[in-house]
Amino acid sequence: MQDYLHHTLDKPAMDALSALGLAHIGDAVYELLTRARLAADGSTTAKNLHKKTIALVCAPAQARAAKVLLPLLTEEESAVFRHGRNAKPGSVPKSCTHGEYSLATALEALFGWLYLRGDYDRVNALYDAVVHAE
């Protein structure tokens, strides 16, 4: 049976993904980590969970998280981060600046890249750094 929860890609498949493709995966990974943390922390109502999740995964919040992580990144992770930051999305939401959106996309690309490599320990370590900076 295919392990859909721990889906990994080999290097050629990873190299074929665009920065926005990595960000697409990373957005889901980051949101899942946030949702799980909030649920485990005892936020009991669906309305509260949703409000808190949105506040932590919106582009401005992810941009702040990206700034926390930048000094912690390896050279290879920094390259993925830059690749994500330089991606050219079709549009930027009104709720954030272009700079915030670029940093959020970079963060998502990094989390997507780490997840698809199967580097779950590093995903957890970086997410932990974000949580402790909040």
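Below is a short chat about helix packing and salt bridges in this predicted model.

User: Before I start, what should I know about the model and the numbering?
Analyst: It's a predicted model, where local features need pLDDT of at least 70 and side-chain atom pairs count only at pLDDT 80 or more, while totals for chains, interfaces and linings use all residues. Residues are numbered from 1 along each chain as its sequence is written, and side-chain values use heavy atoms, with hydrogens and water left out.

User: OK, helix H2. Which of its residues are buried?
Analyst: Ala19, Leu22, Ala23, Gly26, Val29, Tyr30, Glu31, Thr34, Arg37 and Leu38. Buried means under 20% relative accessible area, exposed is over 50%, and partly exposed is in between (1.4 Å probe, protein chains only). Helices here are DSSP runs (H or I, at least four residues), numbered from the N terminus.

User: And what do those buried residues pack against?
Analyst: H3, H4, H5 (75–85), H6 (98–117) and H7 (120–133). Contact means heavy atoms within 4.5 Å.

User: How do H6 and H7 sit relative to each other?
Analyst: Their axes come within 7 Å and cross at roughly 150°, so they're roughly antiparallel. The axes are lines fitted to C-alpha atoms over the stretch in contact, with angles running from 0 to 180 degrees between N-to-C directions; over 145 degrees counts as roughly antiparallel.

User: Who makes that contact?
Analyst: Leu110, Phe111, Leu114 and Tyr115 come from H6, and Tyr120, Arg122, Val123, Leu126 and Tyr127 from H7.

User: Switching to salt bridges. How many are there?
Analyst: The structure holds 5. A salt bridge here is a side-chain nitrogen of Lys or Arg within 4 Å of a carboxyl oxygen of Asp or Glu.

User: What does Arg122 pair with?
Analyst: Glu77, at 2.7 Å from N to O. That pair links distant parts of the chain, with Arg122 in H7 and Glu77 in H5, 45 residues apart.

User: Is Glu77 buried or exposed?
Analyst: Glu77 counts as buried, at 4% relative accessibility.

User: What about Glu76, what's its partner?
Analyst: Arg117, with the closest N and O atoms 3.4 Å apart. Glu76 is in H5 and Arg117 in H6, 41 residues apart. Glu76 is partly exposed at 47% relative accessible area, and Arg117 is partly exposed at 39%.

User: Back to H2. What does Glu31 bridge to?
Analyst: Arg35, at 2.8 Å between the closest N and O atoms. Glu31 and Arg35 are 4 residues apart in H2, so about one helical turn separates them. Arg35 counts as partly exposed, at 42% relative accessibility.

Methods
Helix = DSSP H or I, 4+ residues; strand = E, 2+ residues; numbered from the N terminus. Parallel < 35°, antiparallel > 145°, perpendicular 65-115°, else oblique.
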